[in-house]
Amino acid sequence: MDLELSPADREFRDGLREVFLGKIPEDVRRRSTLGRTTREDIVTSQRVLNQHGLAVPHWPREWGGRGWTPTQSHLYSAELQRAGIPQPLAFNVSMVGPIIAEFGSAEQKRKFLPATANLDIWWSQGFSEPEAGSDLAGLRTTARRDGDHYVLNGQKTWTTLGQYGDWMFVLARTDPDAPRKQQGLSFLLLDLNTPGVERRPIRLIDGSAEVNEFFFDDVRLPVENLVGEENKGWSYAKFLLGNERNGIAQIGASQRIYADLAAAATRRPTEDGPLAGDPQFRAALHRVKTTLLALEATQLRVTAASENGKASPVSSLLKLEGTQALQELSLLRMRAAGSDGMLLDTEAPLPSGEAAAVSAAQYLNLRKLSIFGGSNEIQRGVIAKTILGL
Amino acid sequence: MNLEFTDDQRLLFETVDQAVGRGYPAGGRAAATGSELGWSDQVWQTLGELGLTGLTVSADHDGAGAGPVEVYTSLAAMGKHAAAEPLLDGVYLPSWLIAELGTAEQAGQLLPQLAAGSTTIAVAHAEPGRPWGLAPATTAAADGSLTGVKSPVRNADQADRFLVTAVDETGRTGVYLVEATAGGITRADGRAADWGHTSQVEFAGTPAARLGDGAADAALRMAFSRARVAITAEAIGLMEAGLAMTVEYLKTRKQFGVPLATFQALVHRAVDVYSRVELARSMALWATAVIEAHDNGGAVDLPGTADDAFVFVADVATAVAEEIVQLHGGIGMTYESDVAHHAARLIAITESFGGVSSARRRAIASEALLVAPSALLGNATSAAP
Ligand SMILES: Cc1cc2nc3c(=O)[nH]c(=O)nc-3n(C[C@H](O)[C@H](O)[C@H](O)COP(=O)(O)OP(=O)(O)OC[C@H]3O[C@@H](n4cnc5c(N)ncnc54)[C@H](O)[C@@H]3O)c2cc1C
């Protein structure tokens, strides 16, 4: 056993830190750690990363991938999150990019991959529907073939950052008569400026409007925007959702929030001195601390296992436990901020600092972690079936 | 960077697993702890033949001089069968104290015997009603004789000798070697919550020999820290087996005409047991790797690591013990069921070597609490903005 990074890996990590801290503007990182990232921040940081070959390291090499070892990939996401950099847009880099690279036509690869890596195209994920959430295969949006086009009708919802979307990858029903509901679905690429597309924002529990719903009324998209084979969309979607789950544990982000929280607690007064001296607070902090250590050690074990070429089934566990830890930290941060933290939005300067002032909003917002990306109950189902055989 | 076993270490696990498994069929722990000895003599012989009793003893003293990973693998395999042989409390822990504190003569006499498995030594530190972390109330007179009460002392009824902590006339804590047959010893035997043998031992002017002549505080802290990490491995083995029994039970036990595994509420609880155990395993392996780094000269906080790992694993062990009994229903409440013994042993582990409350107290008082944690050595100072 060995917990020491090899000199080569340490050098690799230091190189990452140089770019993350030296090349990404500080105000971009600051807004990101406060949960106030703007569209421009995401575009800026992804383009800087792309310039340094760090936006899409896990893609195939010819499209910008780096062929890293699992350890290097682990260091990459951990350091990125720790540095408080907006994540490269997941819809682009973890979802549609790898799908196009794997299953797309040569023409689609040329047209979309470089633009997707550089965030010249902002992608949105059009999977969920009002009647198809956890049971995604029950979706009803149809794509009827009409000559050189598919005609799209239906509704998509919960589309994250869809307000900025240029294109959407849509899962739609191309064969309504297929015997099983998982069959007869296709994976389509839709230009969101096509006539017949309507988008509406949905306001969330924290007052933000990061998700949207989309309505399709006889939207015509060319058949060349079909990815892979018609009616094989479900298998591509599953491939994609597997990618989505990786990194959703966000251990690096938790480590950063932990550091911020501990620092804030040394400044925050209570009746009996700084909060950092309060035994109850310290006990709660210790519970999170040990969980984060256990999670990182688990992540390292998973990394090591995949280094031997075996995929580990433990990634569902990382999603489950990692999101719970992050949610618990957000609760602790809100409690630590007290009434200052109850402000969803304020112009008033607060002695407890900006992070305290957004802690309730962040707490509320992060409830989403256990719902999306395959809800935590769905992950339990996966573990029960694939690992425990129940 | 790697938290996996080598092939040799994996082989060690399998060997111990098979050997102990043969001696522990269903009902094994109940039979072993119910015997005069308190464990299985046949399994003890086998452990000796396999060299496990010599694992922590250096080659100079006829041992294997193995590291913390071998300790982990052997104890995880013992835990899997809820085996009661006193490898940790009767051999490993005393061997660490003797190697650290003892004179060359003491080490030369005692370590080869421990390594051969021909003797066990009970470490007597806890005192009734007294916090673990305080200096003992037991005193050592100028002539070395001891007076005081120690309890609980595990497997004291079979030990040939005791290592007793006591404070001398100058206020220094020392560790004293006492022959079990020495005068002035009164023993009251009983059972622990896990049915392991345990005693209250009273010393009244009992002749004793001090281990070495330096202060013992640092050596005690290190040895107990090692023991806390070692016992997390046993807990992992127990939890892994407890989970497997529970999963099997859910598949086979029928109620309302269907297997229990049909009920999602139960399945999800089993999954939570699995995921907590998996995290606990990572924590135990991580702490083991930190000890290994320490033994290789790394600048690591061994006691702090041991407290963090012990607290985490003990909390998980408590939850798992409760869940595996609950999911077995009434049968899990019976002395006859193995799952009950696994659960009881897990609970006993949470109170070992000072227990989870005192470990948590130290951990939350530590300055290290306010530093963002990282399992990677030297990575804690982060790139945070
Ligand atoms: C903030 C946010 C952003 C999102 N972004 C996107 C996006 O960009 N694109 C996109 O396509 N989708 C997106 N989603 C949708 C997300 O994937 C779904 O919300 C999710 O799949 C759950 O579906 P649902 O909301 O319909 O809940 P339901 O499926 O109705 O579930 C309700 C509750 O029942 C539980 N449940 C459901 N089925 C089972 C079962 N079999 N066993 C046990 N419990 C069960 C769930 O866990 C949940 O707790 C987003 C969601 C949120 C909240």
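Chain A of this predicted model has a secondary structure of 13 helices and 10 strands. Its radius of gyration is 22 Å, close to the 21 Å that the globule rule gives for 390 residues, so chain A is as compact as a globular protein of that length. The secondary structure of chain B comes to 11 helices and 10 strands. For the 385 residues of chain B, a compact globule would have a radius of gyration near 21 Å, and the value for chain B, 21 Å, agrees with this.

## The two chains

The table sets out overall values for each chain.

| Chain | Span of the C-alpha trace along the principal axes | Buried residues | Accessible surface |
|---|---|---|---|
| Chain A | about 75 × 50 × 45 Å | 54% of 390 residues | about 16,700 Å² |
| Chain B | about 75 × 60 × 40 Å | 57% of 385 residues | about 14,800 Å² |

In chain B, 53% of the accessible surface belongs to carbon and sulfur atoms.

The contacts within each chain can be described by their separation in sequence. Among contacts in chain A between residues at least 6 apart in sequence, 71% join residues at least 24 apart. For chain B, the corresponding share, again among contacts between residues at least 6 apart, is 73%.

## Annotated domains of chain B

UniProt lists residues 6-117 of chain B as "domain: Acyl-CoA dehydrogenase/oxidase N-terminal". In the model, this span is 66% helix and 0% strand, and its end C-alpha atoms lie 26 Å apart.

The UniProt annotation "domain: Acyl-CoA dehydrogenase/oxidase C-terminal", also from an unreviewed entry, covers residues 221-367 of chain B. Over these residues the chain is 78% helix and 3% strand, with 18 Å between the end C-alpha atoms.

## Contact between the chains

Between the two chains, 52 residues of chain A are in contact with 56 residues of chain B. The area buried between chain A and chain B is about 5,100 Å², and carbon and sulfur atoms give 67% of this area. On the side of chain A, the residues that lose the most area to chain B are M1(A), L3(A) and R301(A), which together account for 19% of what that side buries.

## Helix 4 of chain A

Helix 4 of chain A, residues 70-82, has 13 residues. From its first C-alpha to its last, the helix reaches 18 Å, close to the 18 Å expected at 1.5 Å a residue. Of its 13 residues, 10 are buried, so helix 4 is largely enclosed by the rest of the structure. The buried residues include T71(A), Q72(A), H74(A), L75(A) and Y76(A). Further along helix 4, A78(A), E79(A), L80(A), Q81(A) and R82(A) are buried as well.

T71(A), found in helix 4, is buried with a relative accessible area of 3%. The C-alpha atoms of T71(A) and D9(A) are separated by 8.0 Å, although the two residues are 62 apart along the chain. Helix 4 is followed by G84(A), whose phi is positive, near 70°.

## Backbone geometry

Most residues other than glycine have a negative phi, and most peptide bonds are trans. Several places in this model depart from that pattern.

W158(A) is not a glycine, yet has a positive phi of about 60°. This residue lies in strand 3 of chain A, which covers residues 149-160.

In chain B, N155(B) has a positive phi of about 55° and is likewise not a glycine. N155(B) is placed in the loop between strand 3 and strand 4 (161-167) of chain B. At 7% relative accessibility, N155(B) counts as buried.

The peptide bond from S151(B) to P152(B) is cis, with omega near -5°. P152(B) is found in strand 3 of chain B, residues 146-154.

Terms used. Residues are numbered from 1 along each chain as its sequence is written. Chains are lettered from A and ligands numbered from 1 in the order in which they are written. This is a predicted model: local features need pLDDT of at least 70, side-chain atom pairs count only at pLDDT 80 or more; totals for chains, interfaces and linings use all residues. Side-chain values use heavy atoms; hydrogens and water are left out. UniProt positions are given in the numbering used here, feature names are shortened, and annotations may be inferred rather than shown by experiment. Helices (H or I, at least four residues) and strands (E, at least two) are DSSP runs, numbered from the N terminus. The expected span of a helix is 1.5 Å times one less than its number of residues. Buried means under 20% relative accessible area, exposed over 50%, partly exposed in between (1.4 Å probe, protein chains only). The radius of gyration is taken over C-alpha atoms; the globule rule is 2.2 Å times the number of residues to the power 0.38. Contact means heavy atoms within 4.5 Å. Accessible areas come from the Shrake-Rupley method with a 1.4 Å probe; for residues, only the protein chains shown count as cover. Buried area is the accessible area (1.4 Å probe) that two parts lose on being put together, summed over both.
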